[in-house]
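I opened my notebook for a first look around. Here is what I looked up, entry by entry.

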Amino acid sequence: MECDRNREEIGAFVDGELEPAARAELESHLETCAACRELVARERRLGEMFAALAPVTASGDFEPRFWARIAREREAGGAGLGARLAGLFTLRRALVLGAVTAVALALALDLTRAPSAVPPAATATGTQTATATAKADPDVRIVKNAKDFELLQDPDMDAITEVDVLEDWDDASPS
Amino acid sequence: MRDDDARLMLAFQAGDRRAFETLFARYTPRVLTFLTRMVRDRARAEELTQDVFVRIYNAADRYEARARFSTYVFGIAHNLALNELARAHRKHEQSQGDLADLGAIDPAPGVEEQLDASRMRVRLERALATLPERQRAAVLLRSEQGLDYEEIAGSLGTTVSSVKSLLHRAREALLAALAKDEA
């Protein structure tokens, strides 16, 4: 037996996410539709299976390890703001951001002044450093354009994604 | 929107370390369970769970109670899980599996009841592993963690309408996988 009723609606009904009017209407439909009643029953059985899953428990030293890590970061970065920055700017990230900043500054100077205002060696060093870091660490991703670079300045960035690395800036920047 | 947990986070922001400890105790099992099912590696999930709380701790002074705290926590956990899975894909180039060949949903009722609880859990975990990542995250947040659609949408960075669709596809796929496993 089939029913062409929207099945997403059945799931929302089981989850208690339907508005009162829609819920009442579906309940009325269920009184006469065996196919939809079966769908509701199947969704509920699946929910019961999830309820039977055992939660994962942390190992015994989970909390001490967490506080030890926090303490290490505070020692590395000092109190207050320094501690927060320590969480964001690990050595690797500092290296990467330093390289990015160097290249960005070089680019800015290059765009606003004479092309020769930035020593090519300085730009190359920053780029090579970032590239080497990216290649050495698979966790590091590549910033390929100015928009990506702006994301690095998002204050919430560290809670959202990974810090990226500039590579081949010249390829992505306007000529 | 401010729930009790968000108020605790704001208290921690104001300097109350015990408030953070309460949140830590309250959310560690939930986040660890979610991440374990997402990345399917218990040890790695524990490291990621530590990462979640380190980020919350370090970013406390920037926290804003714009949504429920659970949305904030699971949003971070979800992003870390996706990063981890992407890393695993790059390293091993493992497929998450194709649901296209899992067959139609078995219309016969009652097959689950024929199995004992432990076997059923194994089957469900195996079926979960076949889901695409976002579907897996959505159904875990709803069916295991009890988040409502709005909270799930906030955690996954999507809309309530999209959550409804993700959940529908996830459950259809789970039921299909369970039926195939039974066959």
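**Entry 1: one leucine.** I began with Leu35(B) and found it buried, with a relative accessible area of 0%; buried means under 20% relative accessible area, exposed over 50% and partly exposed in between, using a 1.4 Å probe and protein chains only. Leu35(B) sits in helix H2 of chain B. Helices are DSSP runs of H or I with at least four residues, strands are E runs of at least two, and both are numbered from the N terminus. I then listed the contacts of Leu35(B), leaving aside neighbours within four places in sequence: Arg40(B), Ala45(B), Leu48(B), Thr49(B), Val52(B), Ala77(B) and Ala81(B). Contact means heavy atoms within 4.5 Å.

**Entry 2: ground rules.** I am reading a predicted model, where local features need pLDDT of at least 70, side-chain atom pairs count only at pLDDT 80 or more, and totals for chains, interfaces and linings use all residues. Residues are numbered from 1 along each chain as its sequence is written, chains are lettered from A and ligands numbered from 1 in the order in which they are written, and side-chain values use heavy atoms, with hydrogens and water left out.

**Entry 3: two helices crossing.** Next I followed helix H2 (residues 17-39) of chain B to helix H4 (residues 69-92) of chain B: their axes come within 10 Å and cross at roughly 35°. Axes here are lines fitted to C-alpha atoms, for helices over the stretch in contact, and angles run from 0 to 180 degrees between N-to-C directions. From H2(B), the contact residues include Leu35(B), Phe34(B) and Met38(B), while H4(B) supplies Ala77(B) and Ala81(B), among others. I sorted the residues of this contact into 13 nonpolar, 2 polar and 2 charged. Ala, Val, Leu, Ile, Met, Phe, Trp, Tyr, Cys and Pro count as nonpolar, Asp, Glu, Lys and Arg as charged, and the others, Gly among them, as polar.

**Entry 4: chain B as a whole.** How many helices and strands does chain B have? I count 8 helices and 0 strands. Of its 183 residues, 54% are buried. Among contacts in chain B with a separation of 6 or more, 70% join residues 24 or more positions apart.

**Entry 5: a covered helix.** I turned to helix H7 (residues 149-156) of chain B, where 6 of the 8 residues are buried. Ile152(B) and Leu156(B) are among them. The cover includes helix H1 (7-14) of chain A, along with H4, H6 and H8 of chain B.

**Entry 6: the start of H7(B).** Asp148(B) lies in the loop between H6 and H7 of chain B. A side-chain oxygen of Asp148(B) comes within 3.1 Å of the backbone nitrogen of Glu150(B), and a polar atom of the Asp148(B) side chain is 2.8 Å from the backbone nitrogen of Glu151(B). Beyond four places in sequence, I found Asp148(B) in contact with Glu17(A), Arg68(B) and Arg142(B).

**Entry 7: a note of caution.** Chain A averages a pLDDT of 68, and 49% of the residues score at least 70; pLDDT is the predictor's confidence in each residue, from 0 to 100. Over residues 114-131 of chain A the pLDDT is below 50.

Definitions and conventions:
A polar contact is a pair of N or O atoms within 3.5 Å; within protein, one must be able to donate a hydrogen and the other to accept it, and residues adjacent in sequence count only if both atoms are side-chain atoms.
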